[in-house]
Amino acid sequence: MSQSRASGQTAAPPAGAGDTTRERILTAAMEEFARHGIAGARVDRIAKLARTSKERVYAYFRSKDALYAAVAAREYVVIAEATQIDPSDLPGYAGRLFDYFVARPDHHRLITWGRLELPGTAVADDPAQALLAHKIDQLRQAQQAGQLAPTWDPADVLALVNQIATTWAAQPELSEAAAAHAMDATTAARRAAVVTAVQRLFPRAR
């Protein structure tokens, strides 16, 4: 069995100066996974970019999949903090998601690779699931407070808003077509369409 797929947990190095190495590994892995996916990523390239050794990478992360999980988990937290869902203003939330991925298309690719290559993979204490559960609960509370129509299942609300907000990030080929053929080819026009679509489905609370 290759070391990258070994199931045994390797003890992490002690905290302190090594934490800087761990951060370099995570940053390098973010770039590698976004560019090549999980199967195509190479731990030796990650180690080289992080200015460390392949053995050191495995000292922190027991496998390539575990390293991807750590990178993705951190990214989900960053996205949640940067976009801040407001159940009373879902169009605004959609706009922030749109802006985030327009500025960071590589981050969207990172998440998409995980969905394609690791579908249905259950991870204990998965922060992404915890964040989603919290957002759904926020939407449910907004319904109870009369800020959001109660006819929708809050899980459906979140799924639809996220999908609309990431429409362009998920379809880069359509972005190229829009640049050539849309009546208004600007990014601002694409953003306005996203916000308007969400507004019509889930109007801002008055």
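Predicted model: local features only at pLDDT ≥ 70, side-chain atom pairs only at ≥ 80, totals over all residues.
1. Let's start with the length of α7, which covers residues 127–144.

2. Which residues of α7 are buried? They are Ala-128, Lys-135, Leu-139, Ala-142 and Gln-143. Viewed down the axis of α7, these buried residues fall within an arc of 105°, and therefore they line one face of the helix. Do have a look at Lys-135 and Gln-143, which are both on the buried list.

3. What does that face meet? The buried residues of α7 pack against α4 (64–83), α5 (90–103) and α8 (154–165).

4. Follow the chain just past the end of α7 and you come to Gly-146, whose phi is positive, at about 80°.

5. Arg-51 deserves a glance too: its phi is positive, about 60°, although Arg-51 is not a glycine. You will find Arg-51 in the loop that runs between α2 (43–49) and α3 (54–60). Is Arg-51 buried or exposed? Its relative accessible area is 61%, and because the cut-off for exposed is over 50%, Arg-51 counts as exposed.

6. Gln-84 is another residue other than glycine with a positive phi, in this case near 45°. Gln-84 sits in the loop between α4 and α5, and α4 and α5 are among the helices that the buried residues of α7 pack against. With a relative accessible area of 49%, Gln-84 is partly exposed.

Definitions and conventions. Residues numbered from 1 in each chain as written. Heavy atoms only, no water. Helix = DSSP H or I, 4+ residues; strand = E, 2+ residues; numbered from the N terminus. Expected span 1.5 Å × (residues − 1). Buried < 20%, exposed > 50% of the residue type's maximum accessible area, 1.4 Å probe, protein only. Arc of directions from axis to C-beta. Contact = heavy atoms within 4.5 Å.
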